[in-house]
Structure formats: structure tokens, C-alpha cells
Amino acid sequence: MSAVPTSRTQGPKPDPQVLAQFGLYNNPTLQRLIDTKGQQMNKVSDRPGDYGFTIVDSPVINAFATPDGHVYFTRGIMAHFNSEAQFAGVLGHELGHITAKHGQSQQRRSTAAGIGLLLGSIIAPKITQSIGGIAQQGLGVLFLKYGRDDERESDQLGVKYSTKIGYDASQMADFFQTLQRNQAASGGSGVPDFLSSHPNSADRYTTVKKLAAQAKQNAGGQQLTVGRDSYLRMIEGLPYGDDPRQGYVEGGVFYHPDLKFRMPVPSGWKSQNSPSQFQMGEPNGKAIIVLVPAGGNSLDEAAQGLAKAIGLQSANAQRTTINGFPAVVMQGEQAAQQNQAGAAVLAHVIQDGSNYYGIIGLTAPATLSTYANTFNGVAQGFARLTDASKLNRQSDKIRIKTATGSQTLAQALTTSGVPASRHEELAILNGMQRTDRLSKGMLYKSVGK
């Protein structure tokens, strides 16, 4: 959870819903790479247009294109590429979804996808649209589930476009192996990754290798680029995994080092953090709690604004104090809309200096008595974060190292201080096996603070 920045990309501006969900990853070098290569491909594509390209601040390994002509790469996928050619192949693949109009046809057929939690639940229809949440329709557009025919066509276009701008497209096939290995190792996190929204076929690797060989032959004597070292140097210092500065859950508590607060997460509940909000959901979807920034110049103004935003009717509001913070607690019901019953709401607005936070509990009216204690317990657990070990938590970063002699990847990782328990994870990150030999002077990825 953080402030949502604005972007400066070519072509159409990125969708505010996407930035609210993921945040912008502000890295001029990588943004320039995706802009430059994206526009080069656009010019040689089958349907040039006013397209845009943006890198978002998510650790999930994904890339997606929206039907309006915008391509998004996560910093998670940027971390897992091992050459400019791999990056270009996937960029061509996503642009292919746009130029072949896959998203537009899918959008007509699609149902809402849902990104992992419960904001699309019928108990909270209005909150999804009003306080920074992602409406169901928006999620459906973001994570269209492509069919295998669409994927095959986009693979063909990815090979075609990346070869046309001078890259060795066979590298794209190698990257699909990295994706497969990562998915097998993670066991599925519940958040859509590349292969869950872009289904893999058994023969994909072989097919892409054949297409790339044919494209290389058609390119005549043109020298095709891999760009391994140049790409690795560009991602030095890239945050890897979750960024704890924007909030993290550990031991049943949500910690926010930058905003300096902590808040309990109910036992067994699922949680998801984004730049605009932190969500917690009862496992069966019967109740949710959402933490959001509440705007206003006073506590009363923040409470009134939040009540209006979530459509709270005939709210009963009372002043209180929570762990030294001035607060307002409100109880009422959301207005029913579009043939859906309104939700029962128990919300707290907490003032921390000039910051105001809304902690909104929602459930069906019949079950408010069941969840009221949980809603109150979470809000009353909101407290100042003072533990230095939690405040100073930093994300891992990609560190590009140089092999000092002929050694296996595992030996090189050990030399870099990576524990053996993470060697397979780092082997996948490098697109290699632990037993692969590095030659002296060869670059490889490690992770560190």
C-alpha cells in the first residue's frame, strides 16, 4: 500500500486501474528499453497503432496486454529474463495479442477474472468501484484467459516481430522453460502468473525453436542479437520478490515500515497488498476487511468522505481512541444496487497526524454479529510500529556477479553468499541448472540487499 504514482509512457497512457492494483515501477533505464523496443516492433507489426508500454511494480512473473493497446510487464518478469532477446520475444508475443485483436474478441466472451481475493464478492459490490478497488470488469480485461490457438498465433508473431528488429527469437523458447520451472517450483500462488493467463502447450518449446530457426533463415545473413550481458547489467539493483517497504504480512501481522504502523490479520484469512489498499478476506468469502487511505483535512471530514464513498446509509458514528490515535467508528449498511443486497458495514477511521486510514469491514447483514468482533479486533489492533527489525526491512535486489573462474552455478552462488536452500530458485532465475558450468568472467544473477 502506497501512493499511486503517475506514468510517462508513449502511446496511450496506462490504465489507472492497473496502476492502482500494481503501482508503477519507476526505472528510467528499463522503461526506455520497453518504450524503444516496443515502438520499433510497432513499426514492423501487422497493425501499427498508438500503443503504450509500461513496467509495473509487481513481483509476480507476468506480462499482459489490454485490448486498448497497452502492454504491461511486471518487474517480476523483468527479473527472470536473461537476455534482451528473451525480453524482445515476450514483448513481441504481447504485441501480437494486440495486433491480432485477441483481447477484443476475448473481452466479448470473458467473465470477470478476479485477481485473488474477494472484492468481486456480492457482499461488497460498491466498494469495488469507489475506493480504489478494481472493479470486476476491469480485472476481467486485465487477465483474459487466452486459448491455445491465440497463444500459438502470438508465439508466431513474437518470433516474427523480435526477429524483424534484430533479435534471436529462439531465446523466447528458453524463457518458456524458465516459466515452466518457476510455476512447478512455486506450486501456484493464487495470483495469476504468465502461464495461468497464457496457457502452455506441450510442444511450445519445440515449435518456437522451429519458428525461430525458420525466421533466422529468412533473415538471410543478418546477425541476430542475444544481448545477455547488456541485459543483465540493465537489471542490476532491480527489486526481487515482495517489496516490504510497501507493507508485508508476517506472523499474522501486517507491517508497514514507510507509514510506521502495524495491524493484525485474522487467523486463517487471506490477504493481498496493492499500492491503493490492503485487503483481508475470510477464506469462504463471507467477510472482508479493507484498509485504505481516507482523504480529508480533519477526522470528521475523512469519516464523512469514506461513508459517502462506500455508500453507507444511516450510519451510526461515534468518536473513540485506538492506541492513542483519534478515531471514528461507523456502523450501517451499504445501499443495495443492481438487484444485489447491500452489505453490512463496520468501519473505523483512524487519524495518524495528517494521515487518515479507513479500516472497513463488510459482510452480509445476517452475519454482522458473527464478524463484528473480528472487525473491531483488527481496528483496535492498529498501532504504531516501533520494532527496528520490522521498520528496517529491505527487499532483496538482483545483484549481477562475475564468475572468478571455471565453477558450477551452485559454487558461484555459494561464493556470493546465497544459502544452498535458495540455489534452485536462483538457478531458475538464471535460466540455468545448478550444475551448469560458468567460465571465468561470465556474468550471473545473485540476490542481496
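How many bridges join strand 1 to strand 3, and in which sense do the two strands run? The points below take up this question after a brief overview of the model.

1. Overview. The structure is a predicted model. The protein has 449 residues, of which 55% count as buried. Its secondary structure comprises 17 helices and 19 strands. Where contacts link residues at least 6 apart in sequence, 69% of them join residues at least 24 apart.

2. The pairing of strand 1 and strand 3. Strand 1 and strand 3 (residues 70-74) are joined by five bridges and run parallel, which settles the opening question. Within this part of the model, Phe 53 has Val 71 of strand 3 standing opposite.

3. Gly 49 lies in the loop between helix 2 and strand 1. Gly 49 and Ile 98 are separated by 49 residues in sequence, and their C-alpha atoms are 9.7 Å apart in space.

4. The packing of helix 9 and helix 11. Two packed helices are described by the angle between their axes and the distance between the axes. The axes of helix 9 (residues 170-186) and helix 11 (residues 204-218) come within 7 Å and cross at roughly 170°. Angles over 145 degrees count as roughly antiparallel, and helix 9 and helix 11 are therefore roughly antiparallel to each other. Their crossing is left-handed.

5. The residues at that contact. Which residues of helix 9 meet helix 11? On the side of helix 9 they are Ser 170, Met 172, Ala 173, Asp 174, Phe 176 and Gln 177. Their counterparts in helix 11 are Arg 204, Tyr 205, Val 208, Lys 209 and Ala 212. By class, this contact of helix 9 with helix 11 has six nonpolar, two polar and three charged residues.

6. The hairpin of strand 6 and strand 7. Strand 6 (residues 253-256) pairs with strand 7 in the antiparallel sense over four bridges. The two strands form a hairpin with four residues between them. In the turn, Lys 260 has a positive phi of about 60°. Phe 254 stands opposite Met 263 of strand 7.

7. Strand 7 (residues 261-264) has Phe 261 and Met 263 on a covered face, while Arg 262 and Pro 264 lie on an uncovered one. Strand 7 also pairs with strand 15 (residues 383-384), in the antiparallel sense and over two bridges. In that pairing, Phe 261 stands opposite Arg 384 of strand 15.

How values were computed: Residues are numbered from 1 along each chain as its sequence is written. This is a predicted model: local features need pLDDT of at least 70, side-chain atom pairs count only at pLDDT 80 or more; totals for chains, interfaces and linings use all residues. Side-chain values use heavy atoms; hydrogens and water are left out. Axes are lines fitted to C-alpha atoms, for helices over the stretch in contact, and angles run from 0 to 180 degrees between N-to-C directions. Angles under 35 degrees count as roughly parallel, over 145 as roughly antiparallel, 65 to 115 as roughly perpendicular and the rest as oblique. A crossing is left-handed if the near helix is turned anticlockwise from the far one by less than a right angle, and right-handed if clockwise. Contact means heavy atoms within 4.5 Å. Ala, Val, Leu, Ile, Met, Phe, Trp, Tyr, Cys and Pro count as nonpolar, Asp, Glu, Lys and Arg as charged, and the others, Gly among them, as polar. Two strands pair if DSSP finds at least two bridges between them. Buried means under 20% relative accessible area, exposed over 50%, partly exposed in between (1.4 Å probe, protein chains only).
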